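I opened this model to look up a few local features, and I keep my notes below in the order in which I took them.

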Amino acid sequence: MAGQVGLDRTVMTCLLDGLEGQGLLSRRPNPQDRRARHVILSDEGRSQLRRMRTDVAAAEARLLVELNEEQRAQFRDLLTRVALTAQRGTLGG
């Protein structure tokens, strides 16, 4: 999961610990691979995720109101590329 979202494993573990502590998810052993865990959202976790997605969509609509759909897609693509570059630590700072 950490690799899929571009986070270090230790950072992901810390984030999941916090979310689990808030009752937003649980981790259970994978029956096929005891070293792996299934991450399962609680009802409250699903509810908060829906609210956050709605809030993000509304904020994005307000911020990108002057762009047409093609421009919005291009902006998202470029922003994703910049974020991936930053995560790889290739900014040279």
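I began just after helix H4, where Gly 89 takes a positive phi of about 75°; helices (H or I, at least four residues) and strands (E, at least two) are DSSP runs, numbered from the N terminus. The model is predicted, so I note that local features need pLDDT of at least 70 and side-chain atom pairs count only at pLDDT 80 or more, while totals for chains, interfaces and linings use all residues. Residues are numbered from 1 along each chain as its sequence is written, and side-chain values use heavy atoms, with hydrogens and water left out.

I then looked up H4 itself, residues 69-88, and found that its 20 residues reach 29 Å from first C-alpha to last, close to the 28 Å expected at 1.5 Å a residue (the expected span is 1.5 Å times one less than the number of residues). At the start of H4, I found a side-chain oxygen of Asn 68 within 3.0 Å of the backbone nitrogen of Glu 70.

Next I looked at the strands, and noted that E1 (residues 25-30) and E2 (residues 33-41) run antiparallel and are joined by six bridges (two strands pair if DSSP finds at least two bridges between them). A hairpin of two residues connects E1 to E2, and I looked up Arg 28, whose bridge partner in E2 is His 38.

Methods:
Polar contact = N/O pair within 3.5 Å; in protein donor to acceptor, adjacent residues only side chain to side chain.
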